[in-house]
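Welcome! Have a look at the sequence and the 3D structure below, and then we will walk through a few of its features together.

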Amino acid sequence: MNFRSLLVLPLAGGLLLAGQVLAQGQPAISDTSSTTFNTPQGQVTIDSKPAAAPAVGSAPDFAALSGGKKWITRAQAASYPPLANDFGFADSNHDGHISKAEYARWVKQLN
């Protein structure tokens, strides 16, 4: 074991510990935060929280999206925004289109 390997382990451990300490001081993403500012007109308090996820209806039938073809293209997926957003994930074999089986797996994960 040389001198470099003796330095690397404590250094890596220290960086991990520092990252954990910094992360503990950060609020969770879902937390509501509040900030107060002093202005010439008085105090102004701003409360913020993440927006609620948009409600989406049930996924359309495969045939409706594919236009009766054997797959859904990226352009066809654009008519259903959740699928357009997840196109790369739903196209599990990354061939540029979504088969009926890939679509069924994707719909199953929505529920």
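## Around E102

Leaving aside its neighbours within four places in sequence, E102 touches A90, D91, S92, N93 and H97, where contact means heavy atoms within 4.5 Å. E102 itself belongs to helix α6, residues 100-110; helices (H or I, at least four residues) and strands (E, at least two) are DSSP runs, numbered from the N terminus.

E102 is buried yet has no salt bridge. Buried stands for under 20% relative accessible area, exposed for over 50%, and partly exposed for what lies in between, with a 1.4 Å probe and protein chains only. A salt bridge needs a side-chain nitrogen of Lys or Arg within 4 Å of a carboxyl oxygen of Asp or Glu.

## How to read the model

This is a predicted model, in which local features need pLDDT of at least 70 and side-chain atom pairs count only at pLDDT 80 or more, while totals for chains, interfaces and linings use all residues. Residues are numbered from 1 along each chain as its sequence is written, and side-chain values use heavy atoms, leaving out hydrogens and water.

## Aromatic rings

A search of the whole structure turns up 3 aromatic pairs. Rings of Phe, Tyr and Trp (its six-membered ring) pair if their centres lie within 6.5 Å; planes under 30 degrees apart count as stacked, over 60 as edge-to-face and the rest as tilted. The centres of F62 and Y103 are 5.9 Å apart and their planes meet at 55°, so this pair is tilted. It links distant parts of the chain, with F62 in helix α2 (residues 62-66) and Y103 in helix α6, 41 residues apart. Both F62 and Y103 are buried.

Y80 and W106 have ring centres 6.2 Å apart and planes at 85°, so they form an edge-to-face pair. Here too, distant parts of the chain are linked: Y80 sits in the loop between α3 (74-77) and α4 (81-85), and W106 in helix α6, 26 residues apart. Y80 counts as buried at 9% relative accessibility, and W106 is buried with a relative accessible area of 3%. Ring pairs join F62, Y80, Y103 and W106 into a cluster.

## A hairpin of two strands

Strands β1 (residues 33-39) and β2 (residues 42-48) run antiparallel and are joined by 7 bridges; two strands pair if DSSP finds at least two bridges between them. They form a hairpin with 2 residues between them. Within this pairing, N38 stands opposite Q43 in β2.

Note on methods. Lys and Arg count as positive and Asp and Glu as negative; His and the chain ends are not counted.
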